[in-house]
Amino acid sequence: MSKINFCPRCATPLTSVFDGGRDRQSCPDTDCGFVHFGDFSIGCSGVVLRTEAGVNKALLIQRGQEPFAGTWQLPGGYVENDELLSLAVEREIEEEAGVTAKVTDVVAFRHMLGGPSSNIYMIFRLDYVAGEPRYDSVETADAGFYSLDEMATMHGVQNISRWGIEQAILTIPGSGLTLDTTGTRMPRWQVFGLTDANPEVWRQH
Ligand SMILES: [Zn+2]
């Protein structure tokens, strides 16, 4: 776990405190109370499918910058600290590829240790709404809709992107985790769960 020496809130030197079964760096200032649980980050990406001549094609962008410049991936990025995840993925797709799309459900996620932070990477499925793929030649070197067959001949398509696209193509839209709109939620909360898009799958009680 990443180590920090000073409290990010009040700059007091941190001390080690046994908390929740392990030693954690903590702020000795009791008014502050900061505890360092480690660095976490959340990424999101979207599978936007469009049918061309009866073939399912997914929106991909080619990275223009390191790391992994030149590789192809689903459009996406990091979620801002004060931003809802489903809005972040719609924003990233618009920014990176110029395509407007609307979240339908979550098809997969990856949890990855070993990077600079413990990272959760959510893969959403979105309905295509409008816009033709574009790229800025800086952050993105290219963008377009591609079939799985076309991806097989392209160099550097990221495995996690291809896997997410397969998940989306092989399942019914809405069969993944969807935004629950029936319950009463706290402001600024979103809850995703399995729905009765297909009532057959629900057990009878
Ligand atoms: Zn502090």
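I began with the largest nonpolar core, which holds 29 residues; V47, V48, A58, L60 and F124 are the ones touching the most other members. I then noted which elements give two or more residues to this core: the strands β3 (40-52), β4, β7 (100-112), β8 (118-130) and β9 (140-146), plus the helices α1 (85-97) and α3 (159-170). A reminder to myself: this is a predicted model.

Next I picked V47 and asked which residues it is in contact with, leaving aside neighbours within four places in sequence. My list for V47 reads A58, L74, V107, I123, R125, L126, G164, I165 and A168. A58 turns up again here, as it is in contact with V47 and is also named among the core residues that touch the most other members.

Then I turned to the backbone. I found a cis peptide bond between E66 and P67, with omega about 0°. I placed P67 in the loop between β4 (55-63) and β5 (72-73).

F68 is in the loop between β4 and β5 as well. I looked up its phi and got a positive value near 65°, in a residue other than glycine. Is F68 buried or exposed? I counted 11 C-beta neighbours inside 10 Å, so F68 is exposed.

My last stop was A11, in the segment before β1 (15-19). A11 is not a glycine, yet its phi is positive, about 70°. A11 has 10 C-beta neighbours inside 10 Å and therefore counts as exposed.

Conventions
Residues numbered from 1 in each chain as written. Predicted model: local features only at pLDDT ≥ 70, side-chain atom pairs only at ≥ 80, totals over all residues. Helix = DSSP H or I, 4+ residues; strand = E, 2+ residues; numbered from the N terminus. Buried ≥ 20, exposed ≤ 12 C-beta atoms within 10 Å, placed from the backbone. Core = buried A, V, L, I, M, F, W, Y, C linked by C-beta atoms within 7 Å. Contact = placed C-beta atoms within 7 Å.
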